[in-house]
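Here is a short tour of one structure. Take a look at it first, then read on.

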Amino acid sequence: MVRAFAAVCVVPAGCAVLAGCAAGAPAPGPGPAPDPDELIRAATQRLTDACLTRQGLVPPRAGPGRPRDAGDRRVSAALFGAGPAELSLALPTGHVVRAHTDGCLAAAQQRLYGDQPGWFRASVVVNNLRPEADHTHRDLAEVRARHRAEIADWERLRARAVTEATTVLTSPPPKGNPPA
């Protein structure tokens with residue numbers, strides 16, 4: 001079970017993008033504060049959709065009966081990156097998690113978190129604290145104490161992403177090519 005978790009932990013934002021889970025941005029204003037995860041998902045989708053559109057690609061939407069075709073590979077490469085993964089982190093469980101820095105999702109993460117490689121490292125570690133505790137037969141509190149720096153990085157980068165996501169969602173949608 002740990003094997004599947006370690007391989008998937010870095011992709012939730014990508015899954016939300018593909019599934020169209022965040023199609024609508026949470027409405028700012030009076031009332032309860034929007035869920036930070038929903039803000040980040042909605043901003044990620046907006047940024048990745050704009051990136052794909054600038055490349056002449058149609059953003060994917062998952063759904064029953066949606067046919068797969070050769071264009072899906074092109075969209076997938078543009079969204080998630082292509083070639084060998086540039087980021088890699090070996091976990092104490094023995095699994096290795098990899099990610100690209102060249103796709104639309106990586107660009108969205110860079111915009112939101114301000115440090116895509118740093119976010120990758122922190123999120124992979126934080127998302128795998130329980131599997132590490134299980135694998136090393138340690139208490140979760142002990143494992144969390146060993147990873148205080150990564151948890152602090154995760155909290156700092158996530159707070160930045162919430163602020164950036166709010167800016168992305170309250171700004172007009174991007175048009176044309178971004179400045180170089």
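## The hairpin

This is a predicted model. Start at the hairpin of β1 and β2, where five residues lie between the strands. Within this hairpin, G94 takes a positive phi near 100 degrees.

Strand β1 covers residues 87-90, and it runs antiparallel to β2. Four bridges join the two strands. A90 stands opposite V96 of β2. L89 has V97 as its bridge partner in β2.

## Two faces on each strand

Which residues of β1 are on its covered face, and which on its uncovered one? L87 and L89 form the covered face. S88 and A90 form the uncovered one.

Strand β2, residues 96-99, also has two faces. V97 and A99 are on the covered face, while V96 and R98 are on the uncovered one.

T101 lies in the loop between β2 and α5. Is T101 buried, partly exposed or exposed? Its relative accessibility is 37%, so T101 counts as partly exposed.

Leaving aside neighbours within four places in sequence, T101 is in contact with E86, L87, A106 and Q116. T101 and F120 are 19 residues apart in sequence. In space, their C-alpha atoms are 10.0 Å apart.

## The nonpolar cores

In soluble globular proteins, nonpolar side chains tend to be buried together. Here, the largest nonpolar core has 14 residues. I40, A43, L112, Y113 and A165 touch the most other members. The elements that give two or more residues to this core are α3 (36-54), α5 (104-113) and α9 (148-170).

Take A43 as an example. Not counting residues up to four places away in sequence, A43 touches L112, A165, V168 and L169. A second, separate core has 13 residues, including L91, V97, L129 and I151.

The crossing is left-handed. On α3, the contact is made by P36, D37, L39, I40, A42, A43, R46 and L47. On α9, it is made by R158, A161, V162, A165, T166, V168, L169 and T170.

α3 also packs against α5, at an angle of about 130 degrees and with the axes 9 Å apart. These two helices are therefore oblique to each other. This time α3 passes in a right-handed crossing. I40, A43, T44, L47, T48, C51 and L52 of α3 meet C104, L105, A108, R111, L112 and Y113 of α5.

## α5 against α6

Helix α6 spans residues 116-127. Its axis and that of α5 come within 8 Å and cross at roughly 90 degrees. α5 and α6 are therefore roughly perpendicular to each other. A106, Q109, Q110 and Y113 of α5 make the contact with Q116, P117 and W119 of α6. A106 and Q116 are also among the contacts of T101.

Key:
Residues numbered from 1 in each chain as written. Predicted model: local features only at pLDDT ≥ 70, side-chain atom pairs only at ≥ 80, totals over all residues. Heavy atoms only, no water. Core = buried A, V, L, I, M, F, W, Y, C linked by side-chain atoms within 4.5 Å. Buried < 20%, exposed > 50% of the residue type's maximum accessible area, 1.4 Å probe, protein only. Contact = heavy atoms within 4.5 Å. Pairing = 2+ DSSP bridges. Left-handed = near helix turned anticlockwise from the far one by under 90°. Axes fitted to C-alpha atoms, helices over the stretch in contact; angles between N-to-C directions. Parallel < 35°, antiparallel > 145°, perpendicular 65-115°, else oblique.
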